[in-house]
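Please prepare a brief structural report on the model below.

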Amino acid sequence: MKQALEAIRAAALAHITAAQGEAELEALRVRYLGKKGELTAILKQMGTLAAEERPVVGALANTVREALEAAVRARAAALASESTARRLAAETIDVTLPGAAPALGGMHPTDRVQADLEEIFMGMGFEVVTGPEVEYDQYNFTLLNMPESHPSRDTQDTFYITDTILLRTQTSPVQIRTMLANKPPIRIICPGRVYRSDPADATHSPVFTQIEGLAVDKGITFSDLKGTLDKFFKQLYGSSIQTRFRPHHFAYTEPSAEMDLSCFKCGGKGCPMCKWEGWIEMLGCGMVHPKVLENCGIDPAVYSGFAFGMGLDRITLMRYNIDDIRLLFENDLRFLKQFV
Ligand SMILES: [Zn+2]
């Protein structure tokens, strides 16, 4: 029996030490130490031994049991720390590796210029109002004193969706919507995208950005228009900037004018920016036509107003020295990333 015990001890220790996982180790524990295990089977034969041999064999059996139990515990601990080590190795994070920087966007140059312009006008008491780009011809033309026969309504110039719905050619319909919905005093600017059936080249695009302004109140005069625009451009380009107004014709203003700006590059001496004229044509403006006020339910005998409109893209091109308007609409990241 002693030999049998020693044989079990040797075989069991070899197996336990070599166990490759918790499941295998548990199977070995049951095989050797379980109630129906090999060691238990030997101990059940103790009754066949001579009385003087029993304590000796019993002591040996206990030693073997303790040795096997200790081996199982040791192997279990070793397996656990091996698996922890494996997990740590697999999940290692190298904190010295350079991080993956998230791709950050930036404001489009036109949006930057628009935000600057809005801030100046808001400082002068104007409110920023926007409206739909798909518009009724009534708001885009008829109420602005441009009847059916007006040349701007030609399908050659305007994108029509149906006979009465079109892509707005200016942000003036926002002025109309505001006057229809509100009583004076009104002081608004309307920035936004507008559409005209122009072939695209370096200075034209079928989609472009406008910013228009409207002020309606009692006693508003042409001097208020001149003062507002002069103040605005001095804030945008500096106090040495001069403005001048030339008579013009628009259907929705009377009198109407075009406004030039003294060249902010050369100060009026002449340079490529102003085509050597010293002045840059900037915008159209005028006193709101009495018929337009009437169309919007505002009594022209009581109220008067001024309006102006300018191309935001042109101001953007001049500010950043960009020589092609198409770059503003092509969404080419090589171009846009220069402004991030
Ligand atoms: Zn110049």
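Predicted model: local features only at pLDDT ≥ 70, side-chain atom pairs only at ≥ 80, totals over all residues.

Residues are numbered from 1 along each chain as its sequence is written, and side-chain values use heavy atoms, with hydrogens and water left out.

## Salt bridges

A search of the whole structure gives 15 salt bridges. The criterion is a side-chain nitrogen of Lys or Arg within 4 Å of a carboxyl oxygen of Asp or Glu. Three of them are tabulated here.

| Pair | N to O distance |
|---|---|
| E26 and R29 | 3.0 Å |
| E69 and R65 | 3.8 Å |
| E258 and R246 | 3.3 Å |

Helices (H or I, at least four residues) and strands (E, at least two) are DSSP runs, numbered from the N terminus. E258 sits in strand β7 (residues 253-262) and R246 in strand β6 (residues 243-250), 12 residues apart, so this pair links distant parts of the chain. E258 counts as buried at 13%. R246 counts as partly exposed at 26%. Shared partners join R244, R246, E258 and D260 into one salt-bridge network.

E26 and R29 belong to helix α2 (residues 22-33), 3 residues apart, about one turn of the helix. E26 is partly exposed at 39%, and R29 is partly exposed at 33%. E69 and R65 belong to helix α4 (residues 54-90), 4 residues apart, again about one turn. E69 is partly exposed at 32%, and R65 is partly exposed at 24%.

How many residues of helix α7 (residues 172-181) are buried? The count is 7 of the 10, so the helix is largely enclosed by the rest of the structure. The buried residues are S172, P173, V174, Q175, I176, T178 and M179. They pack against β2 (134-136), α6 (137-140), β4 (186-195), β5 (207-217), α9 (290-295) and β9 (304-311). Contact here means heavy atoms within 4.5 Å.

Strand β4 is mostly covered, with 8 of its 10 residues buried. Two strands pair if DSSP finds at least two bridges between them. Strand β1 (residues 127-128) and β4 run parallel, joined by 2 bridges. E127 has I188 of β4 as its bridge partner. β4 and β5 run antiparallel, joined by 10 bridges. I186 stands opposite V216 in β5.

## Zinc site

Which atoms coordinate the zinc ion? The SG atoms of C263, C266, C271 and C274 do, at 2.2 to 2.3 Å. Donors are N, O and S atoms within 2.8 Å of the metal (3.2 Å for Na, K and Ca); water is not among the atoms, so sites may look incomplete. Along the chain, the donors follow the spacing C-x2-C-x4-C-x2-C. The angles among the 4 donor atoms are 104 to 114 degrees, and the site is tetrahedral. Four donors count as tetrahedral if all angles lie between 85 and 135 degrees. Ideal angles for four tetrahedral donors are 109.5 degrees. C266 is buried at 12%, and C271 is buried at 10%.

## T316

T316 lies in helix α10 (residues 312-320). T316 is buried, with a relative accessible area of 0%. T316 touches P109, T110, V113, I322 and L328, not counting residues up to four places away in sequence.

## Aromatic rings

The whole structure has 11 aromatic pairs. Rings of Phe, Tyr and Trp (its six-membered ring) pair if their centres lie within 6.5 Å; planes under 30 degrees apart count as stacked, over 60 as edge-to-face and the rest as tilted. F232 and F233 form an edge-to-face pair, 4.8 Å centre to centre, with 75 degrees between the planes. F232 is buried at 0%, and F233 is buried at 0%. F306 and F308 have ring centres 6.4 Å apart and planes at 25 degrees, so this pair is stacked. F306 counts as buried at 2%, and F308 counts as buried at 2%. Ring pairs link F121, F126, F232, F233, F306 and F308 into a cluster.

Definitions and conventions
Buried < 20%, exposed > 50% of the residue type's maximum accessible area, 1.4 Å probe, protein only. Tetrahedral: all angles 85-135°; square planar, octahedral: opposite > 155°, others 65-115°.
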